[in-house]
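Reader: Please take a close look at one part of this protein and show me its surroundings. Keep it brisk.

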Amino acid sequence: MFWRRGHREITVFVPQWRQKRDRLATEQHFLNQLEDLRLLSFTPSREVCGQRISSHDDRFLLHLAEKTDGIIVTNDNLRDFVDTSDTWRRIIQERLLQFTFVEDHFMIPDDPLGKDGPHLDDFLRKDNRRVSPPLFHPPDFRASSQQQQQPVNVQTLRNPASLTAHPTAHWPHSGPPEWHPPRRSPSPSPAPPPQRSPGETSELKRKLYDIFPDQKQRIDRILSDNPYMRDLNALSGLLLG
C-alpha cells in the first residue's frame with residue numbers, strides 16, 4: 001500500500017529472535033529477503049541461560065521517526081514514552097497511524113487524527129503536519145517547491161515499524177522534482193558503468209524469482225531492459241511499481 005503511494009523509505013522492525021528456527025513458523029525466509037531489500041531491520045535480542053533478553057523495539061520506532069521525520073504505523077499507543085521528551089510526545093500525538101485487517105485486506109483510516117484532523121494524503125506529507133507555527137525566520141530559497149512525502153515507520157505486526165517515503169524512487173540519485181545540481185565547470189563525461197556480467201544477472205534473477213515467483217516473465221524483461229542495474233531494491237521497485 002505505501003509503496004504504491006510513492007513511498008520508498010520503508011523500514012519494518014522485527015525482534016531478532018524471530019529469526020530463530022521454529023517448526024511451527026512458516027515462510028521465515030521472507031524476513032531475510034525483506035532485509036536484503038533494506039525494508040526490514042532486526043532489533044537486538046539474545047538468550048542468556050535460557051532467558052530471552054530483547055531491546056524495546058518501540059524505542060527504535062520513535063528514534064527512527066525522530067531522525068527521519070517519519071510516521072509510525074502501529075496500534076500501540078506508546079503511552080509509556082509520552083513523558084520521555086517533548087519531541088517524542090509530539091510524535092505520539094501527531095504521527096501515529098493505526099490500521100486494521102479485514103480478512104486479507106490491510107486498511108488504514110482516511111482521517112488518522114480524527115474527523116477534525118487532516119486527510120491521510122496530507123497526514124503523510126511532512127509539510128502539512130499539525131505543529132505550532134514557528135517564529136518568523138528569513139525565507140529559505142533553497143527549499144524545494146514540491147511537497148515531500150513523509151517517511152513511514154512501521155511496527156512489526158507488531159511492528160509495522162518504519163516506513164519512510166519519497167514521491168519517486170530516483171531522489172537519492174537525481175534529487176527531488178524541480179531540483180537542479182549546481183553548475184560546474186565543464187569536464188569530460190564519466191564513462192558509463194559496465195553492464196552486468198552473466199553471473200551477476202543470474203544471481204539477481206534467482207533472488208527476484210524467490211521474492212516474486214509469479215512474475216518470472218516480467219523479471220526477465222526488466223533485467224533485459226536494464227542491463228546496468230545491479231541494485232536489488234531498485235529492481236524490486238520496478239516490479240512493484
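Author: Contact means heavy atoms within 4.5 Å. With that cut-off, take Thr 43, leaving aside its neighbours within four places in sequence: Thr 43 is in contact with Phe 13, Val 14, Pro 15, Gln 16, Asp 57 and Phe 60. Two of those names, Asp 57 and Phe 60, take us to helix 2, which spans residues 57-68. Helix 2 is the part to look at.

A word on the ground rules. This is a predicted model, where local features need pLDDT of at least 70, side-chain atom pairs count only at pLDDT 80 or more, and totals for chains, interfaces and linings use all residues. Residues are numbered from 1 along each chain as its sequence is written, and side-chain values use heavy atoms, with hydrogens and water left out.

Here is the setting. The protein has 8 helices and 10 strands. These are DSSP runs, numbered from the N terminus: helices are H or I with at least four residues, strands are E with at least two. Of the 241 residues, 33% are buried. Buried means under 20% relative accessible area, exposed means over 50%, and partly exposed lies in between (1.4 Å probe, protein chains only). Take contacts between residues at least 6 apart in sequence: 62% of them join residues at least 24 apart. The protein exposes about 16,200 Å², and 51% of that comes from carbon and sulfur atoms. The areas come from the Shrake-Rupley method with a 1.4 Å probe; for residues, only the protein chains shown count as cover.

Now helix 2 itself. It has 12 residues. Its first and last C-alpha are 17 Å apart, close to the expected 16 Å at 1.5 Å a residue. That expected span is 1.5 Å times one less than the number of residues.

Which residues of helix 2 are buried? They are Asp 57, Asp 58, Leu 61, Leu 62, Leu 64 and Ala 65. Seen down the axis of helix 2, these buried residues fall within an arc of 165°, so they line one face of the helix. The arc is that of the directions from the helix axis to the C-beta atoms. An α-helix has 3.6 residues a turn, so residues three or four places apart point the same way.

Phe 60 is not on the buried list. At 29% relative accessibility, Phe 60 counts as partly exposed. It still has a ring partner. The structure holds 6 aromatic pairs. Rings of Phe, Tyr and Trp (its six-membered ring) pair if their centres lie within 6.5 Å; planes under 30 degrees apart count as stacked, over 60 as edge-to-face, and the rest as tilted. Phe 13 and Phe 60 form a tilted pair, with centres 5.9 Å apart and 50° between the planes. The pair links distant parts of the chain, 47 residues apart: Phe 13 is in strand 1 (residues 9-15), and Phe 60 is in helix 2. Phe 13 is buried, with a relative accessible area of 8%.

Back to Thr 43. This residue belongs to strand 2 (residues 40-43). Thr 43 is buried, with a relative accessible area of 1%.

What follows helix 2? Asp 69 does, and its phi is positive, near 60°. Asp 69 is a residue other than glycine. It lies in the loop between helix 2 and strand 5. With a relative accessible area of 27%, Asp 69 is partly exposed.

Another positive phi turns up at Glu 103, near 55°. Glu 103 lies in the loop between strand 7 (100-102) and strand 8 (105-107). At 73% relative accessibility, Glu 103 counts as exposed.

Beyond strand 5 (71-73), the loop to helix 3 (86-94) holds Arg 79. Arg 79 is exposed, with a relative accessible area of 60%.

One more helix for reference. In helix 8 (residues 232-240), the buried residues include Leu 232, Leu 235 and Leu 239. The buried residues of helix 8 pack against helix 1 (29-36), helix 6 (198-211) and helix 7 (216-225).
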